[in-house]
Amino acid sequence: MARRARDPRPAGAAGTVAAQLAEGLAGTGGPLRQHVAEGLRDLGAVDLAVYSAVAAAPTPSLDEPLRRLSNAANNSGLWFAIAAALALAGGGAGRRAALRGTLAIGATSALVNLAVKSIWARQRPDRTGAGVPVWRNVRMPASTSFPSGHAASAFAFAAAVGWDQPALGFGLRFLAAAVAYSRVHTGVHYPGDVVVGSLIGAGTGQSVAGLMEEGLPFRCRAAAAPAGPGHAGGAAASRSRSPRR
């Protein structure tokens, strides 16, 4: 007889962040707030159901690669390695992208770990009770579960690097998505944790990159701009308009 998966919520936990929000809204009255509360409860149920489904799915060809990928992103090591490669081999654009990405990781980590995690103290999943295979296991972090710091840092780095190098940023977003999913696959995060973490990271990465662009001196931006036909034409026109001596 097939073994029935247990509820992935830890004993005594308050369930999902969506459920906590729903409880708060339900107590304030009003039909609109009641509808929103019901929607949040449904999202919380989906969050738990997806976690249980991933835990129960047999994926022998994915388990080891995703476990290794999850570990590679610990302390943003994967992203710092990519930043170092960009700085060494990417020229001026690579150095700018590496700097943007590194600063985006720092800002996102501070926002997630010092602010958001302290507000929503969601407990980690009970991956043993949910039936996550032991060979998928990575170290269970001691911090709270919501949101995922791995997902936030991954998408922050991809968004910031993409500001200077859009094609590379596009590829890095796929890698970031794989890292985010690996945290669910290995059982240390609920899906909602990585979705919200990814959104926070993407937004923070774009913001950091934009602020850095505003802070660059005008002459540095002009030097970095390619001298296309319009620039050459403008220079020629300027010379032709200058008075003959």
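Student: How do the residues of the lining of the largest pocket divide into nonpolar, polar and charged?
Tutor: This is a predicted model, in which local features need pLDDT of at least 70, side-chain atom pairs count only at pLDDT 80 or more, and totals for chains, interfaces and linings use all residues. Residues are numbered from 1 along each chain as its sequence is written, and side-chain values use heavy atoms, with hydrogens and water left out. Ala, Val, Leu, Ile, Met, Phe, Trp, Tyr, Cys and Pro count as nonpolar, Asp, Glu, Lys and Arg as charged, and the others, Gly among them, as polar. The lining divides into five nonpolar, twelve polar and four charged residues.

Student: Which element gives the largest share of the lining of the largest pocket?
Tutor: A pocket is an open set of points on a 1 Å grid over the protein atoms alone where a 1.4 Å probe fits, with protein on both sides within 12 Å along at least five of seven lines; lining residues have an atom within 4 Å of a point. The largest pocket is lined by 21 residues, and Asn 75, Asn 113, Gly 149, His 150 and Arg 183 lie nearest its centre. Two or more lining residues come from each of helix H5 (91-119) and H7, where helices are DSSP runs of H or I with at least four residues, numbered from the N terminus. The largest share, five residues, is given by H5.

Student: Is Asn 75 buried or exposed?
Tutor: Asn 75 lies in the loop between helix H3 (60-72) and helix H4 (77-89), and has a positive phi of about 55 degrees although it is not a glycine. Buried means under 20% relative accessible area, exposed over 50%, and partly exposed in between, with a 1.4 Å probe and protein chains only. Because its relative accessibility is 72%, Asn 75 counts as exposed.

Student: Is Ser 76 buried or exposed?
Tutor: Ser 76 is also placed in the loop between H3 and H4. Its phi is positive, about 60 degrees, although Ser 76 is not a glycine. Since its relative accessibility is 7%, Ser 76 counts as buried.

Student: Which residues does a cis peptide bond join?
Tutor: Most peptide bonds are trans. In this model, Pro 147 is found in the loop between helix H6 (127-130) and helix H7 (149-164). With omega about -10 degrees, the cis peptide bond joins Phe 146 and Pro 147.
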